[in-house]
Amino acid sequence: MLEVSIDGTRRRFPEGTTILAAARELGIEIPTLCHDERLVPNAACRMCVVEVKGWSRFATACSTQLADGMEIQTASPAVEDARRTMLRLLAAGYPAEAVAAAPEKPFHRLLRSYGADTANDGARPCFTDTQHPYLRVDMAQCIACTRCIRICDEVQGQFVWRAWGRGPETRVLPHGAASLAESECVSCGACADTCPTGAIEDRSVIERGAPETWTRTTCPYCGTGCEMLVGTRRDRIVQVKPVLDAPVSKGHLCVKGRYAFDFVHAPDRATEPMIRESGTWRKVSWPEVVEFVAKRLADIVAKHGADSIGVLGSARGTNEENYLAQKFARVVLGTNNVDCCARVCHAPTAAGMKMTLGTGAATNCFDDIERAATFLICGSNPTENHPIVGARIKQAVLRGAKLIVIDPREIELARYADVHLQLRPGTNVALLNALAHVIIDESLADETALRERVRDFDAFREFVAAWTPERAAAICGVEAAKIREAARLYAQSDAAMCFHGLGTTEHVQGTEGVVCLVNLALLTGNFGRPGTGVNPLRGQNNVQGAAHMGCEPGNLTGFVPIEQGKDVFESVWQAPLPHSRGLNLMEMIDAAGERKLKALWAIGYDVSFTNPNAAVTKAAIEQVDLVIVQDLFFNELAREFGHVFLPACSSFEKDGTFMNSERRVQRVRRAVEPVGQSRADWEIICDVAKAMGHGAQFDFASAEAIWEEVRRVWKAGAGISYARIETHGLQWPCPREDHPGTPILHTESFPIGKTAPLKCIEFHATTEVANEEFPFLLTTGRTLYQFNAGTMTMRTANAQLRGTDTLDIAPADAQRMALRDGQRVRVRSRHGAAVLPVRADSRLKQGELFATFHATDVSLNQLTGPHRDTHVQTPEYKVVAVTLDKI
């Protein structure tokens, strides 16, 4: 520890502490302009100068570390004069109207505080950009602090901004572009967030006014779990900013989290309950619709049995709401027919990791990104689909970490990769087996791990002996030499961290593909340690939580098998659990097609639009007697098949918790009042339960009260209280209130014992293969600017950044077929057809296509087929053979 004196106060601080950090800890504010805690200090603005006794010149507080015995004066007359002089230099040429318009900007506050007047003669030509949907740029207000440049470089990694010229002639401009739209900008808003003057500013603040109130909550988009400050004015969201000390996002957000909030008050927001009668929708009161739903459900149970009804929880809902959805299915209706959208995305992850490691969730935490020496990214495009995780991985690679990318496309991270295994869609298992072959054949396995923590090695070694890189190369379309290079890189790393996504799971061998990734981690000892593990990147904000809360036909809250948890749940719920096997989502659709499913309650889940093989899905749903749709908007399911519509609140309008991809439970807080008559999902469920005679079991006054019951039934989450996660979330297992949470699983043992098994997984080719009739292989996925069904993002200015789905095609294929960008083509598969505009994309190999699935007017799932994962029935979204017809 170092003892120093700051403005006469003596205190001890750890080595490595800067003068600025020490002063702030003492409550002494030293002014800064170029400093941002997220950035490496560069001491350019000189506003933070201080006097150090014995030094011949000023020290910059942001970059100078303490030394034992230092005596520091932070506001001596000489220091204050130096700051005043610097401010007067910066104020020369600065627009006075900008100070008047935004007096609370940090630079403007300092100008007032030090009496520095602006003197703009209007002669300096400056860059402006008013065309971006979210950002306004006016470099007349730029003071060349370079914060925008550095945050884009050091945090986001897009390298958009550059400084040109020197001294007073310095100009900051987008690199190689006339506007942000033409640059590499991804609209994350970090430059606006850090700018101390308003030279780069959120348009929403300019147009709607500055926020009056701030609420800390968690992002409603992907499964990263970024925390945000929601700024409201007159009960409307006008700005969102990142939480600087958030453990996951660390003061950063993507374009969706930061800007895509206008869906909350979209003009077509559905805010009144409705019942469809004789084909016509009629607005009704809440008491009437609750009574109607309760009576219809009770009648169906009485006539056809409880198992004729299915309930779908929502990955956009809170943990508390999903807990009540599955409790309603099991207690009120008496069925295990409950599921959620995890079925169509990461159910293979949960199954594959549970059968091998004993826990079907991420093994490590996001903070291990900075501890990893090597990354293996398999079937995931983090910089678009999980942008904050992607940015952190990119920064780690720029600092020297190694990177292996397994993906049919040249995703952004592939540009930074040491090895890109650009495999043919549907061949993951063959490739991963070949990697395991090389690791064993070249004696790269971790002998200690094999001896102490792994079993069934001999059988596995014999199995993968046949999976030479040459054999896999013929199947995958990847050079054998690259397979060997990737295997060596992964196995020889001190700490190799695997991330995987839907490009791994949404295949007929999705579960088995996940098992193959686990095999690699077990072979190399990349588990149970910092910077290692197998980590799914979950697609939606609470898809991890929805399934974990029990919206899963075979498991209760905590992903506990029904028979294993039966006694505890029956005791807490004071009700018997149903005994019959529950149907998952895909089985519900099958049952509907057979006229066995009589009612479906879909909470925040548009299965009509998002399920595969759309023609078959819609024909099945059409047979259902009662379709209850509970959502923010009148979605495709409601429009085509709904009988009842229940208007729900967004996460900005209610309290609760989400669970992110790394098992972290975090708070969700109401920032605005519910729009119209919309209600929180948990309130709607409770009201229907009470109307069906189960008021005592659904008598909750708040989301926290529901969570307290969750803690009673979920042993691994018993230590997570609202009080403990008020400022930071906790990762389960967290069994007691004095438990710190568990960032890393399997450090000493697995839930299944001391050792985990290696599994022999044979490769089975998909039936979706290219041929003369269908010569292309299409894979599907998300884009940065849109989210899943587009329910939220399509109702924001993100639609200006990406307005519809596109069919991406290799330039050589486009040229061969004489297709131009924007030209619409009919894409046909064995299962249906869709019409999309073409976009030539050099990231694709010839013979392969990529399309997003966000636009309802495209309805891409008309193309996808009936094939499913062999273990959990997750659909094969990631490969379908198609042909193209000009129109």
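In what order do the seven strands of the open sheet stand? I looked this up first.

I am working with a predicted model, in which local features need pLDDT of at least 70 and side-chain atom pairs count only at pLDDT 80 or more, while totals for chains, interfaces and linings use all residues. Residues are numbered from 1 along each chain as its sequence is written, and side-chain values use heavy atoms, with hydrogens and water left out.

**Sheet.** I read the order as S15-S14-S28-S27-S26-S16-S17, with mixed pairing. Strands (E, at least two residues) and helices (H or I, at least four) are DSSP runs numbered from the N terminus; two strands pair if DSSP finds at least two bridges between them. S15 (280-283) and S17 (338-339) are the edge strands, each with a single partner, so one side of each has no neighbour in the sheet.

I followed S17 to S16 (residues 309-312): the two pair in the parallel sense over two bridges. Val 311 is opposite Val 338 in S17.

**Helix.** I found H23 (residues 585-593) lying across S16, S17 and S26 (599-603), at about 145° to S16. Such angles run from 0 to 180 degrees between N-to-C directions, with axes fitted to C-alpha atoms, for helices over the stretch in contact (heavy atoms within 4.5 Å).

**Cysteines.** I looked for disulfides (cysteine sulfur pairs within 2.5 Å) and the count is zero. The sulfur of Cys 498 has its closest cysteine sulfur in Cys 378, at 6.3 Å, too far for a bond. For Cys 686 the closest is in Cys 649, at 14 Å, also too far. Cys 498 is buried, at 1% relative accessible area, and Cys 686 is buried at 2%. Buried means under 20%, exposed over 50%, partly exposed in between (1.4 Å probe, protein chains only).
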